[in-house]
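Colleague: Please put the model up. I would like to go through its domains and its helix packing.

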Amino acid sequence: MKRIGVLTSGGDAPGMNAAVRAVVRKAIFHDLEVYGIYQGYSGLINGNIKKLELGSVGDIIHRGGTMLYSARCEEFKTKEGQQKGIEQLKKHGIDALVVVGGDGSYRGAKALTEQGYPCVGVPGTIDNDIPGTEYTIGFDTALNTVIDAIDKIRDTATSHERTFIVEVMGRGAGDIALWSGLAGGAETIVIPEDNFKMEDVANRLKKGHERGKKHSIIIVAEGVMSGPEFAEKLQEATNMETRVSVLGHIQRGGSPTAFDRVLASRLGAHAVELLIEGKGGRAVGIEKNQLVDYDIIEALAMPHRVDLDMYRLSKELSI
């Protein structure tokens, strides 16, 4: 193996740049050439591929987003699109590929793996919903962004004696909602992994009011329903007026935390090590602070599990 490629795909996540930097510099350290593929799988199909040097990834470890850009690509979901991508890799003499992204990105890497092209997936998504790793690149930064917002919203909730509903990202996973809700002292956390009842939410608010509590924060994961929809249903159940804050894409931006920079550096470098060892079709991760890797096809078949013990704790502490 002489050349490897690296791309970022799907939703951007803080720390992706740190991962790209690690891939490039680890590969060059081992006398490999590295090619950056811009605009994800779309760029792969279109041949938007350029050689990267040490200086290409200078001063990016602290930047959010991704220097390689990202794009959705429906065409790559087809066999024809995948073949176009493989042809571009062969054209540029790229022997293996590191893919930084989430579930959809892994599925693209899985498709290439099944067609005999070695890929390693690096988990880059704020949703923390990739199997085979306890943490994904970007989750910690997004979490801190949400906590900062909750702290500010609570000031207003307290001043106006209101109940605020805060909608957070996460796709079908409740990790952002759970972690931010517990860290932010939310009175109620609603996640997709729990079959919540609006009646229970209403009763918690009622009990709070009965003991003199005049403001509340409710964190709702987008995988449950939208914030405005939740507010409408809550008002029907309680006749209580609420305010809604949808944090949106602010959660995906910003300079990555130290945790995300270190995590991305370790995972990116580990991906290159696997390729050097001739191990393609892998997905890297971290468990109990140790680097791990799984067969990428098997990894995608693993279920994502939220920490339900932490969820129960959040209920106990918000009585």
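**Domains and helix packing**

Modeller: This is a predicted model. Domain 1 and domain 2 bury about 1,300 Å² between them, with 52% of that on carbon and sulfur atoms.

Colleague: Which three residues supply more than any other three of the area that domain 1 buries against domain 2?

Modeller: Look on the domain 1 side of the interface. One trio there supplies 39% of the area that domain 1 buries against domain 2. The three are Ile-126, Asp-127 and Asn-128.

Colleague: What are the bounds of the two domains in the domain assignment?

Modeller: Domain 1 is written in two pieces, 3-138 + 256-301. Domain 2 is given as 139-253.

Colleague: How many residues of each domain are in contact, and what distance separates the centres?

Modeller: From domain 1, 18 residues are in contact with 15 residues of domain 2. The centres, taken over C-alpha atoms, are separated by 34 Å.

Colleague: Now the helices. Are α5 and α6 parallel or oblique to each other, and why?

Modeller: Helix α5 covers residues 139-160. Its axis lies 9 Å from that of α6, and the two pack at an angle of about 50 degrees. Roughly parallel would need an angle under 35 degrees, and roughly perpendicular one of 65 to 115. The pair is therefore oblique.

Colleague: Which residues of α6 meet α5, and how many residues of that contact are nonpolar?

Modeller: From α5 come Phe-139, Leu-143, Val-146, Ile-147 and Ile-150. They meet Asp-175, Ile-176, Trp-179, Ser-180 and Ala-183 in α6. By class, one residue of the contact of α5 with α6 is polar, one is charged and the nonpolar ones number eight.

Colleague: Is the crossing of α6 and α11 left-handed or right-handed?

Modeller: Helix α6 (residues 175-183) and helix α11 (residues 308-317) have axes that come within 10 Å. They cross at roughly 35 degrees. The crossing is left-handed.

Colleague: Which residues make that contact, and how many are charged?

Modeller: Leu-178, Trp-179 and Leu-182 of α6 touch Met-310, Tyr-311, Leu-313, Ser-314 and Leu-317 of α11. Seven are nonpolar and one is polar. The number of charged residues in the contact of α6 with α11 is none.

Colleague: Why does α7 count as roughly perpendicular to α8?

Modeller: The axes of helix α7 (residues 198-210) and helix α8 (residues 227-238) come within 10 Å. Angles of 65 to 115 degrees count as roughly perpendicular. The angle that makes α7 roughly perpendicular to α8 is therefore their crossing of roughly 70 degrees.

Colleague: Which residues of α8 make the contact with α7?

Modeller: The α7 side has Met-198, Val-201, Ala-202 and Leu-205. Across both helices, seven residues are nonpolar, one is polar and one is charged. The α8 side has Phe-230, Lys-233, Leu-234, Ala-237 and Thr-238.

Key
Residues numbered from 1 in each chain as written. Predicted model: local features only at pLDDT ≥ 70, side-chain atom pairs only at ≥ 80, totals over all residues. Heavy atoms only, no water. Axes fitted to C-alpha atoms, helices over the stretch in contact; angles between N-to-C directions. Helix = DSSP H or I, 4+ residues; strand = E, 2+ residues; numbered from the N terminus. Parallel < 35°, antiparallel > 145°, perpendicular 65-115°, else oblique. Contact = heavy atoms within 4.5 Å. Nonpolar A, V, L, I, M, F, W, Y, C, P; charged D, E, K, R; others polar. Domains from an automatic or database assignment. Buried area = accessible area lost by both parts, 1.4 Å probe. Left-handed = near helix turned anticlockwise from the far one by under 90°.
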